[in-house]
Amino acid sequence: MAEADIAYVATAGAAGLALAISAWAWRLRKRLGLREAEVEAWLSGERAHAAACEGALNVFDDVRLALTPQGEAQSVFGAPEALAVLAPDREGMAAAEAIVAALNQAHTGQMDGLVQRGESFETLLEWTNGAWAVEGRALGGSAWLRLSKLGGAETAADAGLGALAEASPAPTWVVDGAGKLIWANRAWLAEVRADTLAEAHEAGLTFDRGADLIVAEASRLNARQDGFRWVSSDGRRKAWRILAEPLAGGRGAVIAFAIDMTEAEETRDTLRRHVEAHDETLNHLADAVAIFGPAKRLAFHNTAFQSLFNIDPAWLDERPTHAELLDRLRQKRQLPEVIDYAGWKAHELEFYGAATASPDDSWSLPDGRTLRVVRQPHPLGGILLIFSDITDELQLRSRYNAQIQVQTATLDKLNDAVAVFGSDGRLRLHNDAFESFWGVSAERLAEAGDFDAVAALCRPVLDDAALWLGLKARVADPDPESRVPISGEGRTDDDRVVSWQTRPLPDGATLVAFSDVTAHRQLEQALAAKEAALAESQALKREFVGSVSYELRTPLTTIVGYSELLEAMGDLPERSRQHAGAIRVAASHLARSIDDVLDMAQIDAGEMELTLGDMRVCDLLEACAEKVRGKVEGRGAVLSVACPPRLKPVRADARRIAQAVDHLLENACRAVSEGGAVTLTAEVGSGEVRIRVEDTGRGIPYHLQAHVFDRFVRRERGGPGVALALVKALIELHGGWAEVQSEPGKGAAFILHLPVEATAPTAAPELLLG
């Protein structure tokens, strides 16, 4: 290609490039113009937004500060009036720097945490014109502070709440994050005895150290805290409930309330003591008591409850539910046997909804016991159960009713008219004989009722005013001197003799009984007449016996004397001498029998007197034995005497005791035969001496032994007589007694029981002296 062509092409290329560059420049300039317009529009909007934000920040009475990474004031936003309050002598950044300096001094740790670690905080700053709430926040690497006036009355609600807190009777105060007091109401100042908040600051007063710890814990945890404190104030201890509530969600200021709980605590303590005393009282009751709370769990049981059902105390201490207790009792077979236990159990648990006490119930247990069950609502909620073992009571009641029925039936069978009046004078009980005796029907007696009306019904039969007045005094007068048994007699209008008597009963009632004793009195009169005739006949008999005895004694004495004279004659034939001896013996025996009859008559008349003295038993036995020894040995028998060597003297009438022993020896002498033996012994017993006369004769038949001491009874060992009867009478006169021991064919033994100290009432008084 030629150079011209090359130049042409180069020129054309350069021209095209210039055109292209011009077009691109034009388009770029156009785009830049549009972008610049957009930037101007955005900048205008941002400026408007910034102006709006600044206006929004400045329109309220709070101050916001932006901090540099070094913690210095970078910018300040807020109403000039608020800045003027916080820094009166400074403006703008100077005021912001003063505020930051004050915060660094008062809350160094919190300011450092905000700037260095971005930790938010909330606190209070006490300024010269009041307290300000301070909030610190971190955002995008920047730190911000917000200060707002605390306690202002920006709204009516805030003003009302402030006035309410100030007028509250509960001490209320506010502390900052450092625990320093910021504000307190009048009640708080009154409790710490300060007139103003400044005075409390100067004196360093606090409500209570324990309350300060509760407030500090609320600030540290940023959570509500509740505590209880006893504080001494005005010479007395008061109970306070301390409530500490953080003012906002972060760490910082805390408002605290102290609620006076003294009266409530004293009431609670009084109630506790009352409950303890009540529980102690219930523990001493014989009835079983169980209290279930509103949750149907066992809240209390006394000792009687555990003993009644024999339940493990440890299990009861676990506070089982009512249903669990019923199940346990059912396992132990200590509940009534029912077909539908589930329904019965549900019915028992329905009593928790009752508003009033239910009627008493009774449980019949399988072991035979009967329990009375009382259910009533408990004042503190739940139910109170009382169990009483009434088994013995029911048995006693049954016995009592049976006894009353027996008593009524018994009284109805009595012939005496019986009426029982209570201590109030009313007729309680009467028998059928009472109605018949007075001729009054049961209906009229029931209508009469009291004693006066009953007496009015009876007076037509026995009109004795003094009698009825005296009976009323015994019935109605409660004086113990008047409640004594009395008796008497009266005569009715139909000429019957009535005997009456009263008896006070243990329950305060009085029994009055009337008897028709007309026949008794007539019989007594007849018996008295017969007794007088009998006494007269007895006197005549004694007089006759005495006369006859004395009349017989004279010729017997003559017979004995002449028989002895005949025996003494030397020229009398032997056969005649034997006849004279037999006459003498028979006359002597007859004289002795007459003496015995006279002695018995004297004893019967109570005229025999004993001459008591010291009697030596051994000497008396020896003397009595010597009297009959010849007769015993003459019959081919042996007589022996046995007496303790140191037997003490016995107080008795020696002559009468010897008379009794002589009769027994004579009786033994007649019973003994050749080769036999008669034994006379003395034995010492408890307070007595026993004299025993024993022979080996033919003995006494069993059917006669009971009558051996009767007088004038025919015996196989002799004819009728009074010898053994006299022996018995003489021993009984000394205060002793006589007995016989015999086995037919083997002999007999008569035993005399003599007291060591005889005190016979017939003895002469001077003989009873030592």
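In which hand do α17 and α18 cross? The crossing of these two helices is right-handed, where right-handed means that the near helix is turned clockwise from the far one by less than a right angle and left-handed that it is turned anticlockwise. The model is predicted, so local features need pLDDT of at least 70 and side-chain atom pairs count only at pLDDT 80 or more, while totals for chains, interfaces and linings use all residues. Residues are numbered from 1 along each chain as its sequence is written, and side-chain values use heavy atoms, with hydrogens and water left out.

The mean pLDDT (the predictor's confidence in each residue, from 0 to 100) is 78 for the protein, and 86% of its residues reach 70 or more. Two stretches fall below 50. Residues 715-720 are one of them, with 21 contacts in the model beyond near neighbours in sequence; contact here means heavy atoms within 4.5 Å. Residues 762-770 also have pLDDT below 50, and this stretch has 16 such contacts. Where pLDDT is low, the predicted coordinates should not be read in detail.

Helices (H or I, at least four residues) and strands (E, at least two) are DSSP runs, numbered from the N terminus. Helix α17 spans residues 451-458 and helix α18 residues 465-476; they pack at an angle of about 155 degrees, with their axes 11 Å apart. Axes are lines fitted to C-alpha atoms, for helices over the stretch in contact, and angles run from 0 to 180 degrees between N-to-C directions. The angle makes α17 roughly antiparallel to α18, given that angles over 145 degrees count as roughly antiparallel, under 35 as roughly parallel, 65 to 115 as roughly perpendicular and the rest as oblique. F451, D452, A455 and C458 of α17 meet W468, L471, K472 and V475 of α18. By class, this contact has six nonpolar, no polar and two charged residues. Ala, Val, Leu, Ile, Met, Phe, Trp, Tyr, Cys and Pro count as nonpolar, Asp, Glu, Lys and Arg as charged, and the others, Gly among them, as polar.

An open sheet of five strands with antiparallel pairing has the order β12-β11-β15-β14-β13; two strands pair if DSSP finds at least two bridges between them. At the edges stand β12 (298-301) and β13 (361-364), each with a single partner strand, so one side of each has no neighbour in the sheet. The twist from one strand to the next averages 25 degrees. Four bridges join β13 to β14 in the antiparallel sense, with D361 opposite V373 in β14. Five residues lie between the strands of this hairpin, and G368 takes a positive phi near 95 degrees. Strands β14 (residues 370-377) and β15 (residues 383-389) run antiparallel and are joined by seven bridges. V373 has F387 of β15 as bridge partner, and Q376 has L384. The hairpin of β14 and β15 has five residues between the strands, with G381 at a positive phi near 100 degrees.

A further open sheet of five strands, with mixed pairing, has the order β22-β24-β25-β27-β26. Its edges are β22 (638-642) and β26 (737-742); each has a single partner strand, so one side of each is left without a neighbour in the sheet. On average, neighbouring strands are turned by 15 degrees against each other, direction ignored. Strands β24 (residues 677-685) and β25 (residues 688-695) pair in the antiparallel sense over eight bridges, and V678 stands opposite D695 in β25. Helix α21 (residues 617-634) packs on this sheet and touches β22, β24 and β25, its direction making about 180 degrees with that of β22. Helix α22 (residues 654-671) also packs on the sheet, touching β24, β25 and β27 (748-755), and its direction makes about 20 degrees with that of β25.

The axes of α21 and α22 are 10 Å apart, and the helices pack at an angle of about 30 degrees, which makes α21 roughly parallel to α22. Their crossing is right-handed. Among the residues in contact are L620, C624 and V628 of α21 and I657, V661 and L665 of α22. The contact has 11 nonpolar, no polar and four charged residues.

Helix α22 also meets helix α24 (residues 723-733): their axes come within 9 Å and cross at roughly 150 degrees, in a left-handed crossing. The contact includes I657, A660 and L664 of α22 and L726, V727 and L730 of α24. Its residues divide into nine nonpolar, two polar and one charged.
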